[in-house]
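Let's take a walk through this model together. Have the viewer open, and follow along as we go.

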Amino acid sequence: MKSYQFSAYGAPLELAEAPTPEPVGTEVLVRIRACGVCHSDVHLREGYFEMGGGRKLDVREVRDLPFTLGHEIVGEVAAAGPEAENVDLGDRRVVFPWIGCSACDFCDSAREHLCNRPRALGTYVDGGFADYVIVPHPRYLFDFGDVPPELACTYACSGLTAYSALRKAGRWMEDQLVIIGAGGVGFAGIQLAKALFDAEIIVVEVDDAKLEAARRAGVAHVVDARDEDASRQLKRLTKGGCPAVVDFAGSSASAALGFRTAAKSGGLVVVGLLGGSLSVPLPLLVLKDQTVEGSDLGSIAEMGELMELARAGRVDPIPYATRPMAEAESSLRDLEAGNVVGRIILTA
């Protein structure tokens, strides 16, 4: 099998060949047909996340090199171990990649996406920039119905992450929702919010192409975060503040804007990983009765709910473009440079 791996942090992806793995026990071998390129792939290849103030979160010690990225995986079952049940050769499936250790409190409570000893595909063990991937158990495989496979793969991360964040924001939802950031995950948030809520959606972005894409998606208002009066525009559009704000960018500037925009007794959910820090005036946090929380990925139960919505045709597609798997490295560079609207999907 072929895969595209980096052999040192910060190094380019290179073609590698190795024997195709054989599934044992409950394992399933999936022949990969499509794999999305996520911004977290950029961070993982670099080996750190920006923490603000010159600090970095080092994530280099949790995986062996060379390493194969890619966690938004769609493919078909090519082989299965003798203990793998309810799976047939040729089944077309989306892979839930956020696999845990199966032996901790998070895993026991069906929150293995938060496991402290994860075996997540494409982040901790080799993933989808390859011909094949081993999936530990059939329960991680989801039917995507008539959804195009190149779109279906995005539900494993950008869709699931957006869905889980919006469910959290739904606790404060009234008749408006502010979405900050319209990248791959943010755009999934736009389309899912249209399916989940009867609310006016306001999108904040810094990129002209993404602002225009949000307009075409039918949101009520767009705000250019580069405008000096962006905060005042949001206050005017929300009549003083929006109960539910979701920050899909996750930078110091976007989170600060989100905190200022959140209404009294409302909340800000931070999802993006661009990096930085948030300085929150504690008296305001108390006096405004506000909540600020993070949202990481989503549970396997939420993945099931999301795929039900997708199979029913209730979720409009995000913009995406397909490229051959051999263009994995150039796709990472384009994503890092901010030259991507929606998702790049690598295809076999």
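This is a predicted model: local features need pLDDT of at least 70, side-chain atom pairs count only at pLDDT 80 or more; totals for chains, interfaces and linings use all residues.

Residues are numbered from 1 along each chain as its sequence is written, and side-chain values use heavy atoms, with hydrogens and water left out. As for labels, helices (H or I, at least four residues) and strands (E, at least two) are DSSP runs, numbered from the N terminus.

Let's begin with the sheet of six strands. It is open, has the order β13-β12-β11-β14-β15-β16, and its pairing is parallel; two strands count as paired if DSSP finds at least two bridges between them. At the edges sit β13 (221-224) and β16, each pairing on one side only. From one strand to the next, the twist averages 15°. Now step through some of the pairings. β11 and β14 run parallel and are joined by three bridges, with Val-178 partnered by Val-245 in β14. β14 is also joined to β15, by five parallel bridges, and here Ala-244 has Gly-267 of β15 as its bridge partner.

How well covered is strand β14 (residues 242-247)? Mostly: six of its six residues are buried. Buried here means under 20% relative accessible area, exposed means over 50%, and partly exposed is in between (1.4 Å probe, protein chains only).

Helix α5 (residues 184-196) lies across β11 (176-180) and β12 (200-205), running at about 165° to β11.

Another pair of helices to look at is α7 (residues 230-237) and α8 (residues 252-261), whose axes come within 10 Å and cross at roughly 35°. The crossing is right-handed, a term for the near helix being turned clockwise from the far one by less than a right angle. Ser-231, Leu-234 and Lys-235 make the contact from α7, and Leu-257, Arg-260 and Thr-261 from α8; contact means heavy atoms within 4.5 Å. By type, these residues split into two nonpolar, two polar and two charged. In this scheme Ala, Val, Leu, Ile, Met, Phe, Trp, Tyr, Cys and Pro are nonpolar, Asp, Glu, Lys and Arg are charged, and the others, Gly among them, are polar.

On to the cores. A nonpolar core is a set of buried Ala, Val, Leu, Ile, Met, Phe, Trp, Tyr and Cys residues joined through side-chain atoms within 4.5 Å. The largest has 91 residues, and the members touching the most others are Phe-129, Leu-177, Ile-190, Val-203 and Val-246. Val-203, leaving aside its neighbours within four places in sequence, has contacts that include Ile-179, Ile-190, Val-219 and Val-222. There is also a second, separate core of 13 residues, with Val-178, Val-223, Leu-234 and Ala-262 among them.

Now look at the three-strand sheet. It is open and antiparallel, in the order β2-β1-β6, and its edge strands are β2 (14-17) and β6 (67-68). Four antiparallel bridges pair strand β1 (residues 2-6) with β2, and Gln-5 stands opposite Glu-14 in β2.

Most residues other than glycine have a negative phi, and most peptide bonds are trans. Leu-65 and Pro-66 are joined by a cis peptide bond, with omega about 0°; Pro-66 is in the loop between β5 (55-58) and β6. Ser-102 has a positive phi, near 70°, and lies in the loop between β8 (92-95) and α2 (105-108). With a relative accessible area of 39%, Ser-102 is partly exposed. Asp-289 has a positive phi too, near 55°, and is found in the loop between α9 (282-287) and β16 (291-294). Asp-289 also counts as partly exposed, at 47% relative accessibility.

Note on methods:
Axes are lines fitted to C-alpha atoms, for helices over the stretch in contact, and angles run from 0 to 180 degrees between N-to-C directions.
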